[in-house]
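This briefing is meant for someone meeting the structure for the first time. Please look over the sequence and the model shown here before reading the points that follow.

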Amino acid sequence: MNAPSRPHLPRGPYLLCDDSVLPEISLVDKAARLVAGGARVVQLRMKRTSVREALAATRQVVALCRREGALCLVNDRVDLALLADADGVHVGDEDVPAEDARALLGPGRLVGVTVRDVAGARAAQAAGADYVGLGPVFPTSTKQVPAPVLGLEAFASVVRDSPLPVVGIGGVGLVNIASVAAAGAHCAAVVSDALLAADITERVRRLVAAFEQGRSGA
């Protein structure tokens with residue numbers, strides 16, 4: 001019996017649906033607006049939501065993304081990803097180790113890992129990860145990160161040597177996403193720049209276009 005094939009991480013903006021940003025709007029509503037704008041990767045980050053509410057929201061967002069041809073990943077919570085049949089997880093410095101996430105999820109789901117350098121990317125590959133989140137590329141206030149800001153030059157250097165596709169994380173928005181794409185990023189993670197926009201859906205459209213411009217050198 002063949003093992004299930006895992007999803008492919010599409011290039012472009014990687015949108016985080018965070019319960020701490022614009023908390024007055026539900027996670028499902030935020031995810032719907034992101035996907036309507038063209039997001040093909042949505043990561044649910046639910047640090048303030050109760051487990052039962054998080055599971056219900058994850059199931060709804062997974063169904064939404066599946067209907068629209070987008071991927072739904074879950075930050076940290078491997079259990080929620082499994083129960084909701086999400087497309088994978090992203091784990092950070094203090095979360096479930098990548099090798100344990102892979103063991104629990106099996107071969108058919110994506111595992112992403114936050115790293116700070118090339119050595120971290122190589123370790124992530126050895127642990128069974130599919131991609132790495134590298135940063136912070138720029139200063140960010142969305143999440144406290146105990147690591148120095150890389151800047152574009154150092155970011156691009158790691159991207160060149162990384163054995164895995166790289167998602168640029170930290171301080172990415174419309175003003176700089178093209179530069180992150182031009183530096184070789186497979187994706188660029190965006191949080192507050194999208195969720196705090198007056199029109200979330202239109203902002204995502206503009207982020208998608210800017211990323212493509214950066215890739216093409218336009």
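The crossing of helices H1 and H2 is right-handed, and the residues that make this contact can be listed one by one: Leu27, Val28, Ala31, Ala32 and Val35 belong to H1, while Ala57, Gln60, Val61, Leu64, Cys65 and Glu68 belong to H2. The model is a predicted one, and the points below are grouped by the part of the chain they concern.

**Helices H1 and H2**

- Sorted by class, the contact of H1 with H2 has nine nonpolar residues, one polar residue and one charged residue.
- Helix H1 covers residues 27-36 and helix H2 covers residues 51-68, and their axes come within 9 Å and cross at roughly 15°.
- Angles under 35 degrees count as roughly parallel, and H1 and H2 are therefore roughly parallel to each other.

- Ile25 lies in the loop between strand E1, residues 12-18, and helix H1.
- With a relative accessibility of 17%, Ile25 counts as buried, because buried means under 20% relative accessible area.
- When residues up to four places away in sequence are not counted, Ile25 touches Lys30 and Arg33.
- Ile25 and Leu195 are 170 residues apart in sequence, and their C-alpha atoms are 9.8 Å apart in space.

**Helix H5 and its two sides**

- In helix H5, which spans residues 118-126, the buried residues are Val118, Gly120, Ala121 and Ala124.
- Viewed down the axis of H5, these buried residues fall within an arc of 160°, so they line one face of the helix.
- What do the buried residues of H5 pack against? Their partners are strand E5 (110-115), strand E6 (131-134) and helix H6 (151-161).
- On the face of H5 turned away from its buried side are the exposed residues Ala119 and Ala126.

**Ala181 in helix H7**

- Ala181 has its place in helix H7, which is made up of residues 177-182.
- The relative accessible area of Ala181 is 6%, and Ala181 is buried because the cut-off for that class is under 20%.
- Leaving aside neighbours within four places in sequence, Ala181 is in contact with Phe211, Gly214 and Arg215.
- Ala181 and Pro10 are 171 residues apart along the chain, and their C-alpha atoms are separated by 13 Å.

Conventions:
Residues numbered from 1 in each chain as written. Predicted model: local features only at pLDDT ≥ 70, side-chain atom pairs only at ≥ 80, totals over all residues. Heavy atoms only, no water. Axes fitted to C-alpha atoms, helices over the stretch in contact; angles between N-to-C directions. Helix = DSSP H or I, 4+ residues; strand = E, 2+ residues; numbered from the N terminus. Parallel < 35°, antiparallel > 145°, perpendicular 65-115°, else oblique. Left-handed = near helix turned anticlockwise from the far one by under 90°. Contact = heavy atoms within 4.5 Å. Nonpolar A, V, L, I, M, F, W, Y, C, P; charged D, E, K, R; others polar. Buried < 20%, exposed > 50% of the residue type's maximum accessible area, 1.4 Å probe, protein only. Arc of directions from axis to C-beta.
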